[in-house]
Amino acid sequence: MQHAEPADHSGHSHSGPGHGHGHSHSHSHGPAAPVSKHLRKVIAAVLIPFATAVVVGLVVLWPGGAPAHERSGVGFDRQTQQGKVVSLEQVDCKSVNAGQVPSTPNPSTPEGREAQAAQTGECKKATIEVGTGPEKGRTFVEIVQPGAPRQLEDGQGVVVAYAPDAPRDLQYSVIDVNRKLPMAVLAGIFAVAVVLVGRMRGLFALIALAVSFAVLTLFILPAILQGSNPLVVAVIGASAIMLIALYMCHGLTARTSVAVLGTLVSLLLIGLLGSGFIDWAFLSGNTDDNTGLIHGLYPNIDMSGLLLAGVIIGSLGVLDDVTVTQTSAVWELRQADPTMGPRALYRAGIRIGRDHIASVVNTLVLAYAGAALPLLLLFSIANSSMGSVANSELVAEEIVRTLVGSIGLVASVPVTTALAALVVSADRPGLPDAAPASGPIRGGRGRRRKR
């Protein structure tokens, strides 16, 4: 360990570029070069109060679980049980009265065509057995029309809704199919791929992912339902996820601390921009059946604040990627050429960052566009102009979410690069007595290798 710190200063001598390469090779497979004690104290002075504030926020706002409420029987707010299709037979749709033909059916309209097809087609009569709950073993019949988007198969697992206040014959109905097995297999393949390629780093990344979901489900969501300010909850929860994920995956180092600082500054910018434009554009955050149901069940929740919280949390994952990459790039540049000053490091790092910006912003926009593709198709079918599409609140929310997040990502590159360049350059005077003693020794070794 005695030679690890002087190695940084040997690069400052006039021994030539060969020693820069030797220094880079000696650290390429190990940890980043240590920073000075003074610099570690400065970083700790910023991050320790921040981490303490996050912990205090978690303790003060910890919800202790989602508040209980009476089931409304609407949408996702229904009692559900598991079931299974035990038999399936073909029946004439007309015999089971699956469709009602209008008195003057017009085959040119979608309603008329659907009604006529329901009367003339072959329906499926499925017998469903309830597999969980107090009435386990009870069976009921479900009629599946030929044009229904969800078709059932014999032996298929299903999710059934239970309505206790309905007539007995109508208490159970199929609302979805059981997809737990394919989802579990896909998650297993993902975990194996991450560990095989990432090894210990991949394992720690999976643990950090599990912790992130735990913070989301045990703190963020219940705290918002309890009535806490969604923006405050999102900032505290996102900060906790950021600290745990970054330090767990990349180690408790100055390099990681710089990435944390860069991410924090960018999240603050996203929060300020998001808050300003959500208010300016009069975005309510209540635009579909799901948000309407949330507002109906919990009218005290600030839906626009919930929208802003989603913007912050949604931007966090990509921000981590950008800030860690930029910090690592600057650190590697410094190790490859220890003579580079902060300006040179910043210029070189920002050139790398520009490529990163182009790819990440495009990825973010396409991700949101892909999620909203059915909605965009509806506007296309209606022959709506781009102006009217963008002006609708449903699309305007996604535009604000995308652009505010993208501005935060773009800003994170120069911010993180500048912080990393300043931190790694400020490390030079940290070991003033080491260079004269070790410089000639390493220089001599370098010359002997060349011969």
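Is D176 buried or exposed, or does it fall in between? With 26% relative accessibility, D176 counts as partly exposed, since that label covers the range between buried (under 20% relative accessible area) and exposed (over 50%), using a 1.4 Å probe and protein chains only.

Some ground rules before the points. This is a predicted model, so local features need pLDDT of at least 70 and side-chain atom pairs count only at pLDDT 80 or more, while totals for chains, interfaces and linings use all residues. Residues are numbered from 1 along each chain as its sequence is written, and side-chain values use heavy atoms, with hydrogens and water left out.

1. **Salt bridges, starting with D176.** D176 pairs with R179 in a salt bridge, at 2.8 Å from N to O. The rule here asks for a side-chain nitrogen of Lys or Arg within 4 Å of a carboxyl oxygen of Asp or Glu. R179 is partly exposed as well, at 42% relative accessible area. The total by this rule is five salt bridges.

2. **The R401 pair.** R401 and E398 also form a salt bridge, at 3.3 Å from N to O. The two sit three residues apart in helix 13, so about one helical turn separates them. Helices here are DSSP runs (H or I, at least four residues), numbered from the N terminus. As a reminder, an α-helix has 3.6 residues a turn, so residues three or four places apart point the same way. R401 is buried, with a relative accessible area of 14%, whereas E398 is partly exposed at 23%. Elsewhere, salt bridges with shared partners link E135, R138 and R168 into one network.

3. R138 and E135 have their closest N and O atoms 3.0 Å apart. R138 counts as buried, at 13% relative accessibility, while E135 is partly exposed at 22%.

4. Why does the end-to-end distance of helix 9 agree with its length? At 1.5 Å a residue, the 34 residues (303-336) should span 50 Å, and the end C-alpha atoms are 50 Å apart, which agrees. The expected span is 1.5 Å times one less than the number of residues. Helix 9 also has a kink of about 35°, centred on L316. The bend is the angle between axes fitted to the seven residues ending at a position and the seven starting there.

5. **The largest nonpolar core.** This core has 59 residues, and V54, F219, I220, M242, V260 and W331 touch the most other members. Helix 3 (37-61), helix 5, helix 6 (230-250), helix 7 (254-280), helix 9, helix 10 (342-371) and helix 13 (393-426) each supply at least two of its residues. Helix 9 gives the most, with eleven residues. For the record, a nonpolar core is a set of buried Ala, Val, Leu, Ile, Met, Phe, Trp, Tyr and Cys residues joined through side-chain atoms within 4.5 Å.

6. **Contacts across the sequence.** T327 lies in helix 9 and is buried, at 1% relative accessible area. T327 and A259 are 68 residues apart in sequence, yet their C-alpha atoms are 6.1 Å apart. G353, in helix 10, is buried at 0%. G353 and T325 are 28 residues apart in sequence and 8.6 Å apart in space, C-alpha to C-alpha.

7. **A nonpolar patch on the surface.** Which residues make it up? V195, M200, L203, F204 and I207 do, with about 390 Å² of accessible area together. Areas come from the Shrake-Rupley method with a 1.4 Å probe, and for residues only the protein chains shown count as cover. Patch members need over 30% relative accessible area and no salt bridge; like charges are joined within 9 Å, and nonpolar side chains (Val, Leu, Ile, Met, Phe, Trp, Tyr) within 5 Å. I207 belongs to helix 5 (residues 180-225) and is partly exposed, at 37%.

8. Most residues other than glycine have a negative phi. R199 is not a glycine, but has a positive phi of about 55°. R199 lies in helix 5 and counts as exposed, at 64% relative accessibility. F282, also not a glycine, has a positive phi of about 55° too. F282 sits in the loop between helix 7 and helix 8 (289-297) and is exposed, with a relative accessible area of 73%.
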